Amino acid sequence: MRELTSEHIESIATGAAVLGTGGGGDPHVGKLMAKQAIEKNGPVTLLDPEEVPDDALVVPSAMMGAPTVMLEKLPRGTEPVEAFEALERYVGQEAYATMSIEAGGLNSTIPLGVAATLDVPIVDADGMGRAFPEIPQTTLTLGGIDATPMSMADEKGNSLFLETVDNAWTETFSRSISVDMGGSAMIAIYSHTGAETKAHAIHGSLSLAEEIGRTIRTVDERAAAPIEVLAREFDGHHLFSGKVTDVKRRTTEGFAQGTATIEGLDAFDGHELTLEFQNEFLIAETEDEILATAPDLISIIEKETGQPVTTEELKYGYRVDVLGLECADPWRTAAGIELGGPAFFGYETEYVPIEQRAATSDIIHTPS
């Protein structure tokens, strides 16, 4: 158990953008909401999953919708708490703690604002270890936990509940509703017990985001390229370096979908990288080699600063490095690959763990 202050939130938001793999919403918005709540109500208590009683109720809080929408439609500010308290009323029990449903982007910091406002702890865990675009894509689903009952709230003051037969139907209905709510909504979802947190959540997510963020914020002191520092300290892989030459982006059915093209520079000169994304980066491939696929993490950072770049921010002329990180173990099971691998998104590409691709690649660089 320890306390999180506004200073911790800065590092968590930066690191969460790396774990967001381009998606998860703009962490800046969630950071401002969390910091405002902490400055008004005091620090947030961060619990290790083992400190949560087995029979305690844990209610994750999040945003769903297209990250591109969040650039223009800012939250009113009270929707996350309204959705959280509505779900408590629906289940007839006060939550012991909240949790991030995904470690990446806005959704890593939204629950911090809820925790500070309501004076409840937040668990150092999440339901993905990264960000994914669809409601069922969590390790909680892999553990057999229902996404509903689910509450949704928008900036206009509307709120509603869903009860569905499975998590796929939760995605279908809530996605349509989020579009009607203006493309994004705040939600409370996947309520579960402390015992289920211990068994099925990814442990240590907020601490990992904080560590990555702190590393980026101090990278100048290490006198090395940010990509080299991050790849070395977090067992990552330097997939590519280059200049963004094209971004095709569209907001369709509540998702930000598209393709980005990066022309190689320096050691990658002569190659061209294509990145496919649906909110998050899903596949990184050159003209003749696949470098990485989901569920492994593909993140873009600015070449000079190491600051992560989201899919909605990516534009022509950015000089970037592409970082690959290994996904959490549950995603490498047969069920995990089925739920989070390339085939889930309609690609015929087979999932191969990133470290296996790196071992045979002439392009991928893995610092020793």
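**View 1. The open sheet of eight strands.** In this predicted model, eight strands form an open sheet in the order β15-β14-β13-β12-β11-β18-β16-β17. The pairing in this sheet is antiparallel. Strands β15 (290-293) and β17 (308-309) stand at the edges. Each of these two has a single partner strand, so one side of β15 and one side of β17 are left without a neighbour in the sheet.

**View 2. Strands β11 and β12 within the sheet.** Strand β11 covers residues 237-252 and strand β12 covers residues 255-264. The two run antiparallel and are joined by 10 bridges.

View 3. Strand β14 (residues 280-285) is joined to β15 by three bridges, and the two strands run antiparallel. A284 has its bridge partner, A292, in β15. A hairpin leads from β14 to β15 through four residues. At the edge of the sheet, β15 ends at residue 293, and the loop between β15 and β16 (297-302) holds P295. The peptide bond that joins A294 and P295 is cis, with an omega of about 10°.

**View 4. The cis peptide bond at P149.** T148 and P149 are joined by a cis peptide bond. Its omega is about 10°. P149 is placed in the loop that lies between α6 (139-142) and β6 (150-153).

**View 5. The backbone at Y190.** Y190 is not a glycine, yet its phi is positive, at about 55°. This residue is found in the loop between β8 (184-188) and β9 (192-193).

**View 6. The crossing of helices α1 and α9.** Helix α1 is made up of residues 6-19, and helix α9 of residues 205-217. Their axes come within 6 Å and cross at roughly 95°. The helices α1 and α9 are therefore roughly perpendicular to each other. On the α1 side, the residues in contact are E7, H8, E10, S11, I12, T14, G15, A16, V18 and L19. On the α9 side, they are S205, L206, L208, A209, E210, I212, G213, R214, I216 and R217. By class, the residues of this contact comprise nine nonpolar, six polar and five charged.

**View 7. The largest cavity and its lining.** The model has two cavities of 30 Å³ or more. The largest cavity has a volume of about 210 Å³. It is lined by 22 residues, of which M63, E102, N107, F132 and P133 are the closest to its centre. Which strand gives the most to the lining of the largest cavity? Strand β3 (residues 57-65) does, with four residues. The lining of the largest cavity has 12 nonpolar residues, together with six polar and four charged ones.

Technical notes. Residues numbered from 1 in each chain as written. Predicted model: local features only at pLDDT ≥ 70, side-chain atom pairs only at ≥ 80, totals over all residues. Heavy atoms only, no water. 1 Å grid on protein atoms, 1.4 Å probe; cavity = no way out; pocket = protein on both sides within 12 Å on 5 of 7 lines; lining within 4 Å. Points joined across faces, edges and corners; volume = space filled by probe spheres on them. Nonpolar A, V, L, I, M, F, W, Y, C, P; charged D, E, K, R; others polar. Axes fitted to C-alpha atoms, helices over the stretch in contact; angles between N-to-C directions. Parallel < 35°, antiparallel > 145°, perpendicular 65-115°, else oblique. Contact = heavy atoms within 4.5 Å. Pairing = 2+ DSSP bridges.
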